[in-house]
Amino acid sequence: MSQIILASQSPRRKELLKSVVDDFKIIPSNVSETYPDNLNSFEVSLYISDLKAYDIYKKHPNSLVIGCDTTIVFKNEVIGKPINKKDAKQTLLKFSNNMHYVVSAITIYYENKKHQINSINEVYFKSLTEDEIDRYLENDEYKDKAGSYAIQGLA
């Protein structure tokens, strides 16, 4: 089997891949996570996961390369990672007592072929007070998380 490369530095993605396979390398992609304005909101994570995977695959064409991305879609708007705590708070206030979508994509390049999958999940937030949000934001879990939270964490 070819070398498996995870094109991500996400601890959660490393943990998930380790539950399936023991031997892999981590080589994070540093591509810009920008996308065309006319792209459908639900296809953004596919586009970005492809950018990440292909960036590493070009440098390691004899490997199996995995790129991943997660975006949040709220009222057809793509919600990315917060720029600071204030931004995170505004995002979580929007989600309070509302539904949004978590869109996760995986792109795999192997033997000059591209394989992709996109998972779309509805997430419902209960009504949150500003005090609850402020307490959550104290732990910094929101940093580097699309939508300002980690479903597998304290959120």
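In what order do the elements of the protein chain run from the N terminus on? They go β-α-β-α-β-β-α-β-β-α, which makes four helices and six strands. Keep in mind that you're looking at a predicted model.

**Overall shape**
- The radius of gyration of the protein chain is 17 Å, close to the 15 Å that the globule rule gives for 155 residues, so the chain is as compact as a globular protein of that length.

**Inside and contacts**
- Of the 155 residues in the protein chain, 38% are buried.

**Surface and charge**
- The protein chain shows about 9300 Å² of accessible surface, and carbon and sulfur atoms own 48% of that.
- On the charge side, there are 20 positive and 21 negative side chains.
- The centres of those two sets of charges lie 3 Å apart.

**A look at Pro36**
- You'll find Pro36 in the loop between strand S2 (25–26) and helix H2 (44–59).
- Is Pro36 buried, partly exposed or exposed? Pro36 counts as partly exposed because its relative accessibility is 30%, and that label covers values between the 20% and 50% cut-offs.
- Pro36 and Tyr47 are eleven residues apart in sequence, while their C-alpha atoms are 9.3 Å apart in space.

Technical notes:
Residues are numbered from 1 along each chain as its sequence is written. This is a predicted model: local features need pLDDT of at least 70, side-chain atom pairs count only at pLDDT 80 or more; totals for chains, interfaces and linings use all residues. Side-chain values use heavy atoms; hydrogens and water are left out. Helices (H or I, at least four residues) and strands (E, at least two) are DSSP runs, numbered from the N terminus. The radius of gyration is taken over C-alpha atoms; the globule rule is 2.2 Å times the number of residues to the power 0.38. Buried means under 20% relative accessible area, exposed over 50%, partly exposed in between (1.4 Å probe, protein chains only). Accessible areas come from the Shrake-Rupley method with a 1.4 Å probe; for residues, only the protein chains shown count as cover. Lys and Arg count as positive and Asp and Glu as negative; His and the chain ends are not counted. The place of a charge is taken as NZ of Lys, CZ of Arg, CG of Asp or CD of Glu.
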